[in-house]
Amino acid sequence: MNSTLLIIHSLLRWIILLTGIWAFIRALQGVNGKPYTATDNKASLFFSISLDIQFLVGLIMYFVTSPLMQTARADFGAAMKDGVLRFFAVEHTFMAFIALVLVHIGRSKVKKAGTDAQKHKFALIFFGIALLLILALIPWPFRAALGRGWF
């Protein structure tokens, strides 16, 4: 079961990146004067939903299926001395949570904003920071000890 969830988790990162980039580009275009449309709302909604699903899959792996996390939780002090265990047990999880919160706060701020320019500005700031965090938390294949493959 863990290998299936790990594949799903790995594939979902591409959906998150695509929807996040889509929402960010829409916000960037809006800052230059385009009105806030239903398409902008859909982009941010899909970004938010994909993050929610990814976080749920990650939590299941973290607490139920992942042998890596079982090792880390068995001796958290030792896990903090191991770079790979620390990355997945703390850094990856914490940054994912912060990115999720930023996207939800951003969507809330956008809904409450009075003008289209403000909506795009909030989306640009919150989604941009979330995307940077997401790019940092992914265990890319080129990260020597953390690399997990492209899919």
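Student: What makes I15, I16 and T19 count as residues that S50 touches?

Tutor: Contact here means heavy atoms within 4.5 Å, and S50 reaches I15, I16 and T19 by that criterion once residues up to four places away in sequence are set aside. This is a predicted model, in which local features need pLDDT of at least 70 and side-chain atom pairs count only at pLDDT 80 or more, while totals for chains, interfaces and linings use all residues. Residues are numbered from 1 along each chain as its sequence is written, and side-chain values use heavy atoms, with hydrogens and water left out.

Student: What makes the pairing of the S50 and T19 side chains a polar contact?

Tutor: A polar contact is a pair of N or O atoms within 3.5 Å, where within protein one atom must be able to donate a hydrogen and the other to accept it, and where residues adjacent in sequence count only if both atoms are side-chain atoms. The side chains of S50 and T19 are joined at 3.3 Å, so the distance falls within that limit.

Student: Is S50 buried or exposed, and how do you know?

Tutor: Buried means under 20% relative accessible area, exposed over 50%, and partly exposed in between, with a 1.4 Å probe and protein chains only. S50, which lies in helix α2, has 5% relative accessibility and therefore counts as buried.

Student: Which class does S48 fall into, and why?

Tutor: S48 also lies in helix α2, and because its relative accessibility is 4%, S48 counts as buried. Its side chain makes a polar contact of 3.4 Å with that of H104, and, leaving aside neighbours within four places in sequence, S48 is in contact with V103, H104 and R107.

Student: Why is K34 given the class that it has?

Tutor: K34 has 48% relative accessibility and therefore counts as partly exposed. K34 lies in the loop between α1 and α2, and just after α1 G33 takes a positive phi of about 115°. Not counting residues up to four places away in sequence, K34 touches Q29 and H120; K34 and H120 are 86 residues apart in sequence, with their C-alpha atoms 8.9 Å apart in space.

Student: How do you know whether the length of helix α6 agrees with its number of residues?

Tutor: The expected span of a helix is 1.5 Å times one less than its number of residues. Helix α6 (residues 116-137) has 22 residues and should span 32 Å, and because its end C-alpha atoms are 31 Å apart, the two values agree. Helix α1, with 30 residues, reaches 42 Å from its first C-alpha to its last, close to the 44 Å expected.

Student: Which residues of α6 are buried, and what covers them?

Tutor: Among the buried residues of α6 are H120, F126, F127, L131 and I134, and what covers the buried residues of this helix includes α1 (2-31), α2 (38-65) and α5 (83-112).

Conventions. Helix = DSSP H or I, 4+ residues; strand = E, 2+ residues; numbered from the N terminus.
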